[in-house]
Amino acid sequence: KSTANMARKKQFDKEEVLNKAMKLFWEKGYYATSMENLVSTLGINRASLYNTFGSKYDLFEQALDKYNSTNSARIADYLYYQLNVRKGLQLLFENLITEALLGGCSKGCFMVNTTTELANFNPVLDKKLQDSRLNLETIFYNYLKYGVDNGQISPYKDMKTIAAYLFTVHSGLYVNSKINSSKEELGKTVTAALSILD
């Protein structure tokens with residue numbers, strides 16, 4: 001009896017499965033990912049998937065939330081250690097270009113891909129995409145403010161607008177890298193973009 005009960009218990013790590021789902025949705029997009037894809041990639045049966053995560057869309061939302069929190073923290077942590085703001089932003093965008101051009105399943109940014117595929121899909125998802133944008137803009141704003149406080153950037157510049165602009169540059173680089181594989185050209189775009197701080 002105890003063996004039968006054990007067999008019915010979940011034999012998988014929820015976080016590990018969520019990571020796999022995130023990578024799959026990231027690679028294929030929402031619509032192109034079927035339940036069959038999920039079952040075979042995640043290594044769990046359909047019933048366990050529904051019982052643990054809900055519908056395909058519920059799982060997608062959880063995967064998106066995971067990506068969003070992880071990615072925002074990664075960017076904030078990276079910038080935190082760059083004391084020269086211009087250099088820090090330059091390195092952040094150069095690293096983004098390098099990662100994007102490596103391709104693989106992480107080609108592009110999951111949030112940017114989702115925005116282009118599912119914007120106006122439903123109000124809840126739109127709110128998540130808006131929150132993600134505002135979150136990243138806030139990270140950029142706080143970093144720019146640090147630059148102002150340390151005399152690296154003119155205090156007369158509109159930091160909120162520049163932070164929004166940096167978000168657009170960040171998203172645009174991911175999209176552009178899908179059709180432009182020239183690291184040099186993308187790098188020149190970054191240099192031109194950051195001239196806004198001059």
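Let's start with lysine 20, which sits in helix α2, residues 14–28. One caution before going on: this is a predicted model.

Is lysine 20 buried, exposed or partly exposed? Its relative accessible area is 33%. Buried would need under 20%, and exposed would need over 50%. So lysine 20 counts as partly exposed.

Now, who does lysine 20 touch? Set aside the neighbours within four places in sequence. Lysine 20 is then in contact with Thr41 and Leu42. Lysine 20 and glycine 43 are 23 residues apart along the chain. Their C-alpha atoms are separated by 9.6 Å.

Next, asparagine 113. Find helix α7, residues 110–118, and you will find asparagine 113 in that helix. Its relative accessibility is 15%. The cut-off for buried is under 20%. Therefore asparagine 113 counts as buried. Which side chain does the side chain of asparagine 113 make a polar contact with? The partner is the side chain of lysine 178, at 2.9 Å.

Last stop: asparagine 120. This asparagine lies in the loop between α7 and α8, where α8 covers 123–149. Buried or exposed? Asparagine 120 has 69% relative accessibility, so it counts as exposed. Check its backbone too. The phi of asparagine 120 is positive, about 70°, although this residue is not a glycine.

Lysine 20 in α2 is partly exposed. Asparagine 113 in α7 is buried. Asparagine 120, in the loop between α7 and α8, is exposed.

Methods: Residues numbered from 1 in each chain as written. Predicted model: local features only at pLDDT ≥ 70, side-chain atom pairs only at ≥ 80, totals over all residues. Heavy atoms only, no water. Helix = DSSP H or I, 4+ residues; strand = E, 2+ residues; numbered from the N terminus. Buried < 20%, exposed > 50% of the residue type's maximum accessible area, 1.4 Å probe, protein only. Polar contact = N/O pair within 3.5 Å; in protein donor to acceptor, adjacent residues only side chain to side chain. Contact = heavy atoms within 4.5 Å.
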